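Please open the model in your viewer and keep the sequence beside it, so that each selection can be followed in turn. The tour below says what to select next and what is there.

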Amino acid sequence: MVAEKEGLSPPKERPPQLQEPLRPPKRTKKQVSDGFTIKAMMKNTVVKGPPAAGAFKERPTKPTAFRKFYERGDFPIALEHDTRGNKIAWKVEIEKLDYHHYLPLFFDGLCEMQFPYEFFARQGIHDMLEHGGNKILPVIPQLIIPIKNALNLRNRQVICITLKVLQHLVVSADMVGEALVPYYRQILPILNIFKNMNVNSGDGIDYSQQKRENIGDLIQETLEAFERYGGEDAYINIKYMVPTYQSCLLN
């Protein structure tokens, strides 16, 4: 009877087991460290890359001697408004100016980006180069540092203006192009950095070419002018500082 009672008793139901939700595996937090350190060799460590070199970063401008002399009224110039725009009214004949004094000061004004300083500096240089003749060649060594300072600002507008001035300087008088050859090491490194900075506009129209504001094209034109007017040693020296330059005379 006991066995029958045991056989008749209903089986006991087990309580349902609750399934725990699946949890994502714990992600170990990776720590960032500098390269070539002991921490960089540890587990779960990511080595961060080198910082940006800043080759194309613009440098801050400093007050120029040109601005100081202009505000003091030492330049024999005035602003003249014309139907075709502004131009410089010279109070003396340009041919009678002391080029050793004035031309380096005007080149120093290439760093300026504010009106009227940048206008007077740029236009004054072009006027003096047009009327300078034989007075320009002896002043070349004094012009290198202002040119180098203007290019070292790495400002796109200043570089374009300086390149146009260099193109005018090379053709302004005899032997000027050859006199610049020893100073290529001061002038050309910045041109080598920006040489390939062309605007990839696809099928669009690049209006900077019409305005001659495309840095890559201007640098190519300037280097070709240096080679044409720099004599026999010009190409070798240009190639040494700008290895990707191809001769416009030998090819």
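Select helix α4 and colour its buried residues, where buried means under 20% relative accessible area, exposed over 50% and partly exposed in between, with a 1.4 Å probe and protein chains only: they are Y117, E118, F119, F120, A121, G124, I125, H126, D127, M128, L129 and G132. The model is a predicted one, in which local features need pLDDT of at least 70, side-chain atom pairs count only at pLDDT 80 or more, and totals for chains, interfaces and linings use all residues. Residues are numbered from 1 along each chain as its sequence is written, and side-chain values use heavy atoms, with hydrogens and water left out.

Because 12 of its 16 residues are buried, α4 is largely enclosed by the rest of the structure. Helices (H or I, at least four residues) and strands (E, at least two) are DSSP runs, numbered from the N terminus.

Rings of Phe, Tyr and Trp (its six-membered ring) pair if their centres lie within 6.5 Å, and planes under 30 degrees apart count as stacked, over 60 as edge-to-face and the rest as tilted. Over the face of Y117 lies R67, at 4.2 Å from the ring centre; a charge sits over a ring if NZ of Lys or CZ of Arg is within 6 Å of the ring centre and within 35 degrees of the ring normal.

Next, select A78, which is found in strand β3 and is partly exposed, with a relative accessible area of 29%. Not counting residues up to four places away in sequence, A78 touches K87, I88, A89, K91 and F120, a contact being heavy atoms within 4.5 Å.

Finally, move to Y184 and F226, both of them buried. A search of the whole structure finds 7 aromatic pairs, and Y184 and F226 form one that is stacked, at 5.3 Å centre to centre and with 20 degrees between the planes. This pair links distant parts of the chain, with Y184 in helix α8 (residues 184-194) and F226 in helix α10 (residues 215-229), 42 residues apart.
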